[in-house]
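Please keep the sequence and the structure in view while reading.

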Amino acid sequence: MADLVDTAREVARHLLETPLPRRWRHVQAVAAKADRISAAVPAEDRAVLVASAWLHDVGYSPDLVDTGFHSLDGGRWLRRERFNERIAALVAHHSCAWLEAEERGLGDVLAAEFPREETAVTDGLCFSDMTTGPDGQDFEVLERLAEIRSRYGPDHLVTRFIGRAEPEMVAAVRRTQERLAGAVRQPM
């Protein structure tokens, strides 16, 4: 499974480091956080979580842009490259992307092309992304959502999406925090 994570890291580095250094900093921090919180998911899913974190924003790469919706573009590219199908779907749906797809008129397309799972892995990926700022800084989820809104402005499609997605994003973060609290062994 280490090969999966190493491959994902190198793919993300290749696609993001030079053309999008700020996005690359965010991705590195999201992946590091996913690794740190991997105890929140079953052991057999930990590499999938971390690999998905490395790849979650590859759709921003100028080489991959097709629809302009990074989640869908990234998932499609990963599928074309015959990457792990589950990871491609996790990337396509990361951080409540189905709601942004609806805002963009791509909801049916995303749903038809990629199955959406609702698991500890999807929660952990959302946690890692929605508690990490654009330069890799740590945020509480509500601070991160406010940062996104301020960056895009009140009338932007992304701001509308965040407004719709906030309850589910906050819930995913809280579920991950609860899983982590349960995974910590209590002293005897």
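## Salt bridges and a buried threonine

Glu147 is buried, its relative accessible area being 15%; buried denotes under 20% relative accessible area, exposed over 50%, and partly exposed the range in between (1.4 Å probe, protein chains only). The model is a predicted one, in which local features need pLDDT of at least 70 and side-chain atom pairs count only at pLDDT 80 or more, while totals for chains, interfaces and linings use all residues. Residues are numbered from 1 along each chain as its sequence is written, and side-chain values use heavy atoms, with hydrogens and water left out.

The side chain of Glu147 meets that of Arg151 in a salt bridge, at 2.6 Å from N to O. A salt bridge is defined as a side-chain nitrogen of Lys or Arg within 4 Å of a carboxyl oxygen of Asp or Glu. Both residues belong to helix H9 (residues 141–152), where they are four residues apart, about one turn of the helix. Helices (H or I, at least four residues) and strands (E, at least two) are DSSP runs, numbered from the N terminus. Arg151 is partly exposed, with a relative accessible area of 35%.

Side chains of opposite charge can pair when their charged atoms come close. The whole structure contains 25 salt bridges, including those tabulated here.

| Salt bridge | Closest N and O atoms |
|---|---|
| Asp66 and Arg76 | 3.3 Å |
| Arg116 and Glu118 | 3.4 Å |

Asp66 forms its salt bridge with Arg76. This pair links distant parts of the chain, 10 residues apart: Asp66 is in the loop between helix H3 (46–55) and helix H4 (70–80), and Arg76 is in helix H4. Asp66 counts as exposed because its relative accessible area is 56%.

In the pair of Arg116 and Glu118, Arg116 is partly exposed at 39% relative accessibility, whereas Glu118 is exposed at 66%. Elsewhere, a network of salt bridges links Glu102, Glu103, Arg160 and Arg164.

Thr159 lies in helix H10 (residues 157–183). Thr159 counts as buried because its relative accessibility is 10%. Apart from neighbours within four places in sequence, the contacts of Thr159 (heavy atoms within 4.5 Å) are Arg149, Tyr152, Gly153 and Pro154. A separation of 28 Å lies between the C-alpha atoms of Thr159 and Arg79, which are 80 residues apart along the chain.
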